[in-house]
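Try each task before reading its solution.

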Amino acid sequence: MLVATSGETALARAAQALPDVVLLDAMMPGMDGFEVARRLKATPATAHIPIIFMTGLTETEHLEAALAAGGVDYVTKPIKPREVLARMNVHLQGARRARQEMRQAGQARNALDAFGYASITVRASDGRLMWQTALARTLLRDYFTEPAVEAAAPEERGVPVSSPALAPAPVVDWLRAQLPRVPEWAAQQIEPPRLVVEQGARRLSFSLHQQTGDSEGGGDWLIVMREVSDAAVIEALALGFKLTAREAEVLYWLLKGKTNRDIGDILGSSPATVKKHLERVYVKLGVETRTAAAGIAMARIRQTHPQFEG
């Protein structure tokens, strides 16, 4: 058991030790117990800890203030030790169950990381990034440049972020667009449409998994992310048709439906240079048109990479 004689000390010790329950005096010198409770509940790392108030104030407005500040229960002074212990035991059991559920959820999320998936939790009402795994943090940094993503880095294991920042705007917009139809899709057992963000030959997809928090304002939503790289497809094109690395890249983007100008912009070349590469590709494939080259290349790729999306 840890004891603190001031509000500031109570906050520091709670953040460091993460106790199972907090027994909080409503009236303390300096920062009162109501403010301590509000700060504990506003911090993701301590928001789950149940708070029992000790108070000599029996007026209804003061008891309501204790509950409004985040308290789950209260005892009045003079304190009866048996009553306090009994109430603490009730809330301890609930807190331990909640902590076990959080631990299991963390293990499941880290398992997703191990298999190349990543996960984040986003609050629909304000777009706050409430949770992210280590892999999710890396992927968000790679695909988005918004400062909020940098500010939301948690510990490596993946924990609630200490100062939630905004999730990338495209992710928030996509999430909010899905919410009105979630009940319909759930009833029909249909997976909601995914968000796909492309970066060269890499793609990052976002799948709406499940609601994890209160439904007020849209709730908190667990989103699973998966990165797919077509580098292996480009390598297969080079090996299969004896192309140079640049010729294989040009053919890859042709399969993606890009024009010579688009391909030039992507590869940092002029459209004329892209045209020269394509002419050599046509010779090696034994064709004369873009359509024929795409048809032959797609048929080959479908054999080795059936998941490829042209």
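## Exercise 1: Helix α12

The 15 residues of α12 should span 21 Å at 1.5 Å a residue, and this agrees with its end C-alpha atoms, which are 21 Å apart. The expected span used here is 1.5 Å times one less than the number of residues in the helix. Helices (H or I, at least four residues) and strands (E, at least two) are DSSP runs, numbered from the N terminus.

A word on the ground rules: this is a predicted model, where local features need pLDDT of at least 70, side-chain atom pairs count only at pLDDT 80 or more, and totals for chains, interfaces and linings use all residues. Residues are numbered from 1 along each chain as its sequence is written, and side-chain values use heavy atoms, with hydrogens and water left out.

**Task.** Find which residues of α12 are buried, and work out how they are arranged around the axis of α12.

**Solution.** 
- Step 1: take buried as under 20% relative accessible area, exposed as over 50% and partly exposed as in between (1.4 Å probe, protein chains only).
- Step 2: by that rule, Val274, His277, Leu278, Val281, Tyr282 and Leu285 are the buried residues of α12.
- Step 3: these buried residues fall within an arc of 145 degrees when seen down the axis of α12, so they line one face of the helix. The arc is that of the directions from the helix axis to the C-beta atoms.
- Step 4: just after α12 comes Gly286, with a positive phi of about 70 degrees.

## Exercise 2: Two packed helices

**Task.** Determine at what angle α10 and α12 pack, and list the residues that meet.

**Solution.** 
- Step 1: the axes of α10 and α12 are 9 Å apart, and the packing angle is about 90 degrees.
- Step 2: α10 and α12 are therefore roughly perpendicular to each other. Angles under 35 degrees count as roughly parallel, over 145 as roughly antiparallel, 65 to 115 as roughly perpendicular and the rest as oblique.
- Step 3: from α10, Arg246, Glu247, Val250, Leu251 and Leu254 meet Val274, His277, Leu278, Arg280, Val281, Lys284 and Leu285 in α12.

## Exercise 3: Helix α13

**Task.** Which residues of α13 are buried, and which helices do they pack against?

**Solution.** 
- Step 1: α13 (residues 290-304) has 15 residues and reaches 21 Å from its first C-alpha to its last, close to the 21 Å expected at 1.5 Å a residue.
- Step 2: Ala293, Ala294, Ala297, Met298 and Ile301 are the buried residues of α13.
- Step 3: they cover an arc of only 125 degrees around the axis, which puts them on the same side of α13.
- Step 4: Thr291 and Gln303 are exposed on the other side of α13.
- Step 5: the buried residues of α13 pack against α9 (231-241), α10 (245-255) and α12 (271-285).

## Exercise 4: Strand β4 and its partners

**Task.** Work out whether β4 is mostly enclosed or open, and identify the strands joined to β4.

**Solution.** 
- Step 1: five of the seven residues of β4 (residues 117-123) are buried, so this strand is largely enclosed by the rest of the structure.
- Step 2: β4 runs antiparallel to β9 (residues 220-229), with seven bridges joining them; two strands pair if DSSP finds at least two bridges between them.
- Step 3: Ala118 has Met225 in β9 as its bridge partner.
- Step 4: β5 (residues 128-132) pairs with β4 in the antiparallel sense over three bridges, and Ile120 has Gln132 in β5 as its bridge partner.
- Step 5: β4 and β5 form a hairpin with four residues between them, and Gly127 in the turn has a positive phi of about 75 degrees.

Technical notes:
Contact means heavy atoms within 4.5 Å. Axes are lines fitted to C-alpha atoms, for helices over the stretch in contact, and angles run from 0 to 180 degrees between N-to-C directions.
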